[in-house]
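Please keep both in view while reading the points below.

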Amino acid sequence: MKDLFFVFSRREKIKNIPNMRKILLSLIIVLTVNVFAFAQDGACKDDNAQYNTSIIANAEDTPSGEVDALLRHKKPKLRIALFAAVPQEVGSGADRFHFTGIGRENATRTMLAFARKHQGEDLVIVNAGTVGSPKFPVNTIVSVNEIISAGTMFNDFEMRPRHFEVPVAQELPLATLYSSDCFVSPDVFNPAYLDTLKAHSQCFDMESSALFSVADIYGIPYYSFKIVSDNLDVPFSVWEERVGSLSQKLTAYLEQLFNELGESFEVEFVK
């Protein structure tokens, strides 16, 4: 009986050898994976420690503001396309601008070409220049918050430019702008019609409605800052005499605006 039991037991052990091998092989694989994962985790911790150590080591030689920049996320980009009618309106800042020429047809052609070229890109448009105004004194800078297009019923869509939410921009008075096809003055319009125009708008130019319309069609955010050149009481020749000094103040304001925006964004000017 003992001999039979011994033989039977050996047979069972021999039969179970393949299963034992499978179990051992599985254990080896699990142990290998865990050891590899532990080694990788240790390497990552070493790399992070070295990176943090290098930042701290360099901090002594770096201005405090730059140390903060190293530890913060990169600022989001703000791409701005600047538009004006003619270079005289923006003086020393002219190299950043696109110029449309005077009048709504010129403005339409220029903006269409730009919008098609940059279609789908993430950018904003800023229009700057001069306006006549029956309300604001000469040399006043305004932020345009509504545009009226000459010769329409004004009921097909609203023309409402946006505003940058920065302190310098909020200091400006808001203005409704009437965009016509000619220089608004007593030389062009009779007194009765001029009074009608003055009752509906605070300032006047010859390009804004076209610029805004094309930008709106292409879904491009639009902002507008204007400086008052006259009170609708002088001919075009007087505008030509004043525009040089006006452009200096407007350019200084825009530079201040872009510097403030630069605190929150990486500002890029699109040409």
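In this predicted model, the count of cavities of 30 Å³ or more comes to one. The largest cavity holds about 230 Å³ of space. Its lining is made up of 19 residues, and those closest to its centre are T130, F183, D205, M206 and W239.

**Lining of the cavity**

- Strand 3, strand 6 (203–205), strand 7 and helix 7 are the elements that each give two or more residues to the lining of the largest cavity.
- Strand 3 provides the largest share of this lining, with three residues.

**Overall composition and confidence**

- The protein chain has 271 residues, and buried residues make up 38% of them.
- Its secondary structure comes to seven helices and eight strands.
- Among contacts between residues at least 6 apart in sequence, 80% join residues at least 24 apart.
- The mean pLDDT of the chain is 80, and 71% of the residues reach 70 or more.
- Residues 1–17 have a pLDDT that stays under 50, and the model gives this stretch zero contacts beyond four places in sequence.
- Residues 35–39 also have a pLDDT below 50, with zero contacts in the model beyond near neighbours in sequence.

**Strand 1 and its pairing partners**

- Strand 1 spans residues 77–84, and seven of its eight residues are buried, which leaves the strand mostly covered.
- Strand 1 pairs in the parallel sense with strand 8 (residues 266–269) over four bridges. Within this pairing, L78 has V267 of strand 8 as its bridge partner.
- Strand 3 (residues 124–132) likewise pairs with strand 1 in the parallel sense, over four bridges. Here V124 of strand 3 is the bridge partner of I80.
- Strand 2 (residues 97–99) pairs with strand 1 in the parallel sense over three bridges. The bridge partner of F83 in strand 2 is H98.
- As a general point, side chains in a regular strand alternate between the two faces of the sheet.

**Nonpolar cores**

- The largest nonpolar core contains 26 residues, and the members that touch the most others are M111, F114, I125, I147 and Y222.
- At least two residues of this core come from each of strand 1, helix 3 (104–117), strand 3, strand 4, strand 5 (174–179), helix 6 (208–217) and strand 7.
- Helix 6 gives the most to this core, namely five residues.
- M111 is in contact with F83, I125, L211, V214 and A215, leaving aside its neighbours within four places in sequence.
- A second, separate core has 25 residues, among them A84, I141, L246 and L254.

**Residues in loops**

- Where is S201 placed, and which residues does S201 touch? S201 lies in the loop between helix 5 (191–200) and strand 6. Not counting residues up to four places away in sequence, S201 touches P134, I148, T176, L177 and Y178.
- Is S201 buried or exposed? The relative accessibility of S201 is 1%, so S201 counts as buried, given that the cut-off for buried is under 20%.
- N139 is found in the loop between strand 3 and strand 4 (141–149). The phi of N139 is near 85°, which is a positive value in a residue other than glycine.
- L232 is placed in the loop between strand 7 (222–230) and helix 7 (236–261). The phi of L232 is near 60°, again a positive value in a residue other than glycine.
- L232 has a relative accessible area of 2% and is therefore buried.

Notes: Residues numbered from 1 in each chain as written. Heavy atoms only, no water. Buried < 20%, exposed > 50% of the residue type's maximum accessible area, 1.4 Å probe, protein only. Pairing = 2+ DSSP bridges. pLDDT = per-residue confidence, 0-100. Contact = heavy atoms within 4.5 Å. Core = buried A, V, L, I, M, F, W, Y, C linked by side-chain atoms within 4.5 Å. 1 Å grid on protein atoms, 1.4 Å probe; cavity = no way out; pocket = protein on both sides within 12 Å on 5 of 7 lines; lining within 4 Å. Points joined across faces, edges and corners; volume = space filled by probe spheres on them.
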